[in-house]
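The sequence and structure are shown first.

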Amino acid sequence: MRTEHPSNRLFTATGIAAIVRMCARQSGNPALRADADALLFSMKCFAAAMLAYYISLRAGLPKPFWAILTVYIVSQSSAGASLSRGVYRFVGTIVGAVATVVIVPCFVNDPIVCSMVLACWIGLCLYLSLLDRTARAYAFVLSGYTVSLIGFPSVFNPAAVFDTASVRVQEISIGILCAVLVHRFVLPKRMTGQFTAKLSTTLRDARRLAGDALRGSSGQETRRDRDRLAADLLALQGLAGHLPYDPVPATPSLETLQLIHDRLARLLPLATEVEDRIRVLRTGDHSPPDELAALLDEMGRWVAVTDPAGRDAVAIGLIDRTRTVRTRIAADAVTAGDRLAVNLAGHLAEMIGLLHDCDRLERIIARRGARRGARTSTAAARPPDATSHLRSRRATGYVYHRDPWMAARAALGAVAGIVIGCAFWIWSAWPEGGLAVSILGVCCSLFGNVDTPAPHVVKYMIGSVAGVAISLIYSFVILPRVTDFAGLVAVLAPAFVIAGSLQARPPAAYMALGITLTIPILSGLGATYAGDFAGSLNSVIALFAATGFAVVSMSLFQTIPVDAAISRLLRVNRQDVRRRALGGGPDEAHWTSLMIDRTALLLPRLRLSRKSHPDVLDDTLHHLRVGHAAGRLHQAIRHIDGNDGANNDGQIGRDGFELLTAIALRFGPGSRMGPSDATALHRRIETLMARIADSPIKDRVLLLDLLIDLRFALGPSGAVNWENGR
């Protein structure tokens, strides 16, 4: 097989795919458009893979198929994500190669100890990737992945470890470079466009949720809108992580992204708070004050407006009007119902401010302004009420839930499985054992970031079966007849294009990887044709032995039952609520974003659970609201007790801290408080509200607002007969 010259026809298929995609977009058929996008992605991947293969051949690298593998591992649907993944893969590869070169020679005389140290490194990398949860986590994954690929085959050949690591880095670097260049310059798909489209969808979902709240509606529709917004925020954050790598003149600034997230995250619990108060006022003995009722109707019409410019023109006037209504009702507030109306008016002003800020921030992102311009614009777009929930001026942005215990459990499970595999390999002296254990380590690295990794490995195995069959046909039937590089490209195209289009579809991605990662290795895509049936058969046995054992070991050691993961999240929620009630924990914005992330983590787990968990998401929202209200009340009482203690003999502070301590006990470990205990908490709140209402302290309205928030957050018994003074 001659490989002297690449063909100019290499990119012809990409042009055909682009024409197909253009026709699909004009047709308006979403399914056809998705198929065309998948085909274009596959064509670009194949073009990059063949380019990387050719360069590796010309450079004289011993295993140029690694460049092909790298292209398919790095390639993503957008140019920004491909560059991001390429950068992190390069960093992870360098770190992993250096670690291998350091570890293997140090334990040259003790293969089992060397294998255990390599396994521990893979476990450490998996642990760090599970804690990180951002796009950077891929660098940790690849560091462990690289150690597995280079280290285990070198355990009995340590003298060659440096040369192996060196050429592997070169081959992988070529694959990264080709994948990044093709996805960036050949009909690039911009991540910024995907982000702005998702942001528009998220803001529509946010306005729909606000509309539900203003109608005072409840039930499945409101719950579905709330869950959708939480999932939207996680998806937005996943896209935003790749924006700095997108090939556009300017991307949204980090502060702009953080600000819009903070507002959307606060809106999620705020909508429920508004909904609860409207429902109580409308079902009480008296209807809401006429001014407030008219304001609610006007806000409902404002939220329903689809034109951003139309909403922008009305928003400032609505905020001013809401403040005026709140001040007027507060001046004549006598009953608990009046105080509830004042509290509702304050939340309405905050809701308008949040939605108005989101509209303006969306326009800033759409204009793709420079960082400095965006920062100035967002700072000028902050109505005071819109940011009243933020105790600091610094934007928080998305906050990831990180569980060191669960990450350590998964990492130790990976170490245990790899060590058992190494022990069998060394004890049995299996010649292909190093290859098998390296594949096992790759499975533990790539698939170990989910609760139940075994099903993903099974999909990969299914793809590998197809890949093995295709490889044998190529290796012993087709490739011996190929005489030049153009012919090689032509015969490889059908298999890689079909597999690549499957890789662009998430449900089939793991199966497609089994095909695209198996064909280059087993087909013997080296510098020259070297058909070796016995060697191929041994490699196939090692592949399926490794993946089969990976399914078993990951099921035993790395699988976390879905219901156990759900219970763990709820238990951590309760612990954090207790901390906030006692004055600890993060600030309000950090707490809100953290709980939104936990909600997003619960959503897919609830779909996988075989048990019924109808109230789990409601419990998470309940924990979020109680933690938010309790934390703010603790700060307010501490401030008032320090400044106004002489005016109330410190009794308000003592009663407030006793109330918060009782709430902390309710959310403490092993708490089994019943309805009577909840009623006792509400009576404490009523007593404290009555004492504050009769006191001369200057922040009386703030404390009453916070106690109302806490009363509603604690549960349905908090919404009792406000009009009778309770």
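Is D655 buried or exposed? In this predicted model, D655 counts as buried, because its relative accessibility is 15% and the limit for that class is under 20%. The partner of D655 in a salt bridge is R691. R691 lies in helix α27 (residues 675-693) and D655 in helix α26 (residues 651-666), so the pair ties together parts that are 36 residues apart in sequence. R691 is partly exposed, with a relative accessible area of 34%.

Helix α27 also holds E686, which forms a salt bridge with R711. Because R711 lies in helix α28 (residues 700-714), this pair ties together parts that are 25 residues apart in sequence. R711 counts as buried, at 0% relative accessibility.

A further salt bridge joins the side chains of R215 and D212. Both residues belong to helix α8 (residues 191-215), where they are 3 residues apart and therefore separated by about one helical turn. D212 counts as buried, with a relative accessibility of 1%.

| Salt bridge | N to O distance |
|---|---|
| R215 and D212 | 2.4 Å |
| R691 and D655 | 2.2 Å |
| E686 and R711 | 2.8 Å |

In total, the structure holds 31 salt bridges. Salt bridges also link E275, D276, R279 and R625 in a network.

Technical notes:
Residues are numbered from 1 along each chain as its sequence is written. This is a predicted model: local features need pLDDT of at least 70, side-chain atom pairs count only at pLDDT 80 or more; totals for chains, interfaces and linings use all residues. Side-chain values use heavy atoms; hydrogens and water are left out. A salt bridge is a side-chain nitrogen of Lys or Arg within 4 Å of a carboxyl oxygen of Asp or Glu. Helices (H or I, at least four residues) and strands (E, at least two) are DSSP runs, numbered from the N terminus. Buried means under 20% relative accessible area, exposed over 50%, partly exposed in between (1.4 Å probe, protein chains only).
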